[in-house]
Amino acid sequence: MKNFWNERYSEREYIYGEEPNVFFAEQLQQLAPGKIILPCEGEGRNAVYAAANGWEVHAFDTSIIGKSKAIQLATRKDVSINYTIEDAVTVTYEKNTIDAVAFIYAHFPASIRKKIHQKAITWLKPGGKIIIEAFNPNQLQNNSGGPKDLAMLYSEEMILEDFEELNCTLLEVQSVELNEGAFHKGKADIIRFIGIKK
């Protein structure tokens with residue numbers, strides 16, 4: 001997958017755009033700035049937005065090209081982000097120290113997904129939030145992005161199981177029009193989740 005993402009991010013333009021995901025931005029506006037982790041952050045649009053709004057940002061991805069473009073975007077916007085090249089399975093952060101973890105279109109194979117999600121919960125302080133926007137199984141009929149593997153798409157049941165120890169404050173399936181660069185454009189079937197650590 002590392003080679004896939006390096007190749008995809010090698011385009012000069014930001015393939016998912018330079019603006020943050022709308023749902024992510026809306027959620028951040030409701031929170032006091034703190035420490036946030038952004039897994040699979042790619043070209044940095046959400047990390048840069050969070051940093052510009054006062055957050056201490058920790059982002060990671062396996063793509064060196066994605067990181068390079070993220071740092072360029074941060075420099076252009078005059079903000080600082082902490083961005084490391086890590087694998088979601090092996091990455092570590094200190095437990096109980098993070099205010100939010102946002103999985104924005106971070107899709108994982110079924111064999112590792114729950115492990116990654118459970119690990120993210122340990123990073124959160126009590127009261128910390130998991131924020132998710134991802135594609136649901138109906139996305140297979142659309143051409144607006146996302147994995148073509150059904151097992152990598154998120155159902156409500158899957159999210160409730162992975163995050164059963166959190167207080168769920170939002171879980172909704174929606175059809176939306178995406179306009180996030182060339183690769184997230186058009187009708188999309190998505191799922192959104194907010195969970196709070198007890």
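First, the ground rules. This is a predicted model, in which local features need pLDDT of at least 70 and side-chain atom pairs count only at pLDDT 80 or more, while totals for chains, interfaces and linings use all residues. Residues are numbered from 1 along each chain as its sequence is written, and side-chain values use heavy atoms, with hydrogens and water left out.

Let me start with the pocket. Rolling a probe the size of a water molecule over the atoms shows where empty space is left. On a 1 Å grid over the protein atoms alone, a pocket is an open set of points where a 1.4 Å probe fits, with protein on both sides within 12 Å along at least five of seven lines. Grid points are joined across faces, edges and corners, and a volume is the space filled by probe spheres set on the points. On that basis the largest pocket holds about 910 Å³.

Its lining, meaning residues with an atom within 4 Å of a point, comprises 39 residues. Nearest the centre of the largest pocket are M1, W5, C40, Y105 and H107. By class, the lining has 20 nonpolar, ten polar and nine charged residues. Here Ala, Val, Leu, Ile, Met, Phe, Trp, Tyr, Cys and Pro count as nonpolar, Asp, Glu, Lys and Arg as charged, and the others, Gly among them, as polar.

Which elements each supply at least two residues of that lining? They are α1 (2–9), α3 (45–52), β2 (56–61) and α5 (110–123). The element that gives the most is α1, with five residues. Helices (H or I, at least four residues) and strands (E, at least two) are DSSP runs, numbered from the N terminus.

W5 lies in α1. With a relative accessibility of 22%, W5 counts as partly exposed; buried means under 20% relative accessible area, exposed over 50%, and partly exposed in between, with a 1.4 Å probe and protein chains only. Leaving aside residues up to four places away in sequence, W5 touches Y16 and S63, where contact means heavy atoms within 4.5 Å.

G42 sits in the loop between β1 (35–38) and α3, and at 1% relative accessibility it counts as buried. Again not counting residues up to four places away in sequence, G42 touches Y9, D61, G66, K67, A70 and Y83.

Seven of its eight residues are buried, so α3 is largely enclosed by the rest of the structure. The buried ones are R45, N46, A47, V48, Y49, A50 and A51. Just after α3, G54 takes a positive phi of about 95°.

Now β2. Five of the six residues of β2 are buried, so this strand too is largely enclosed by the rest of the structure. β2 pairs with β1 in the parallel sense over four bridges; two strands pair if DSSP finds at least two bridges between them. Within that pairing, I36 stands opposite V57. The chain goes from β1 through α3 to β2, and this β-α-β crossover is right-handed: with the strands pointing away from the viewer, the path from the first strand over the helix to the second runs clockwise.

β2 is also joined to β3 (residues 82–85), in parallel, by four bridges. H58 has N82 in β3 as its bridge partner. With α4 (residues 64–76), β2 and β3 make a right-handed β-α-β unit.

Next, β5 (residues 124–135). Nine of its twelve residues are buried, so β5 is largely enclosed by the rest of the structure. β4 (residues 98–104) pairs with β5 in the parallel sense over six bridges, and A102 stands opposite I131. The crossover from β4 through α5 to β5 is right-handed. With β7 (residues 184–197), β5 runs antiparallel, joined by seven bridges; K129 has I196 as its bridge partner there.

Last, two backbone angles. D78, in the loop between α4 and β3, has a positive phi of about 60° although it is not a glycine. D78 counts as exposed, at 71% relative accessibility. N96, in the loop between β3 and β4, also has a positive phi of about 60° without being a glycine. N96 is partly exposed, with a relative accessible area of 45%.
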